[in-house]
Amino acid sequence: MYNILLTAVIVISILMVITIMMQPSKQNSAASAFTGGADQLFGKQKARGFEAVMQRSTAILGFVWMVLLFILAFLSSN
């Protein structure tokens, strides 16, 4: 059971890296490098299309990854 969960964590980790790298860049100009993207942080724009799918998939993969890590920690402590 432990080995199966460990394999799942490794696979999800790789998938998370892929989904994070596939997300589109939000920096449009050199000015955003100095402001740190604060104008986009407080903006009311919602992600649409591909960007929304990538954000949701990253969040879901992150949640599953954390749950599996807690289960692995519980199994290794017993």
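Reply: Helices here are DSSP runs of H or I with at least four residues, strands are runs of E with at least two, and both are numbered from the N terminus. T19 lies in such a run, helix 1. Let us stay around T19.

A word on the model comes before the details. The model is predicted, so local features need pLDDT of at least 70 and side-chain atom pairs count only at pLDDT 80 or more, while totals for chains, interfaces and linings use all residues. Residues are numbered from 1 along each chain as its sequence is written, and side-chain values use heavy atoms, with hydrogens and water left out.

Now the setting. The protein chain has four helices and zero strands. Read from the N terminus, its elements go α-α-α-α. The chain holds 78 residues, and 18% of them are buried. Buried means a relative accessible area under 20%, exposed means over 50%, and partly exposed lies in between (1.4 Å probe, protein chains only).

T19 is one of the buried residues, because its relative accessible area is 11%. What does T19 touch beyond its neighbours within four places in sequence? Its partners there are M54, S57, T58 and L61. Contact means heavy atoms within 4.5 Å.

I20 is partly exposed, because its relative accessible area is 44%. I20 and T58 are 38 residues apart along the chain, yet their C-alpha atoms are separated by 6.8 Å.

M21 is in helix 1 too. With a relative accessibility of 66%, M21 counts as exposed. M54, already a contact of T19, lies 9.8 Å from M21, C-alpha to C-alpha. In sequence, M21 and M54 are 33 residues apart.

Step back to the two helices. Helix 4 covers residues 50-77, and helix 1 packs with it at an angle of about 155 degrees. Their axes are 9 Å apart. Axes are lines fitted to C-alpha atoms, for helices over the stretch in contact, and angles run from 0 to 180 degrees between N-to-C directions. Helix 1 and helix 4 are therefore roughly antiparallel. The cut-offs are under 35 degrees for roughly parallel, over 145 for roughly antiparallel, 65 to 115 for roughly perpendicular, and oblique for the rest. The contact of helix 1 with helix 4 involves 20 nonpolar residues, six polar and no charged. Ala, Val, Leu, Ile, Met, Phe, Trp, Tyr, Cys and Pro count as nonpolar, Asp, Glu, Lys and Arg as charged, and the others, Gly among them, as polar.

Look at the start of the chain as well. M1 sits in the segment before helix 1. M1 counts as exposed, at 69% relative accessibility. M1 and L72 are 71 residues apart along the chain, but their C-alpha atoms are separated by 9.4 Å. Across the chain, 92% of the contacts between residues at least 6 apart in sequence join residues at least 24 apart.

One record note remains. An unreviewed UniProt entry lists residues 57-75 as "transmembrane region". Such annotations may be inferred rather than shown by experiment, feature names are shortened, and positions follow the numbering used here. In the model, residues 57-75 are 100% helix and 0% strand. The end C-alpha atoms of that stretch are 27 Å apart.
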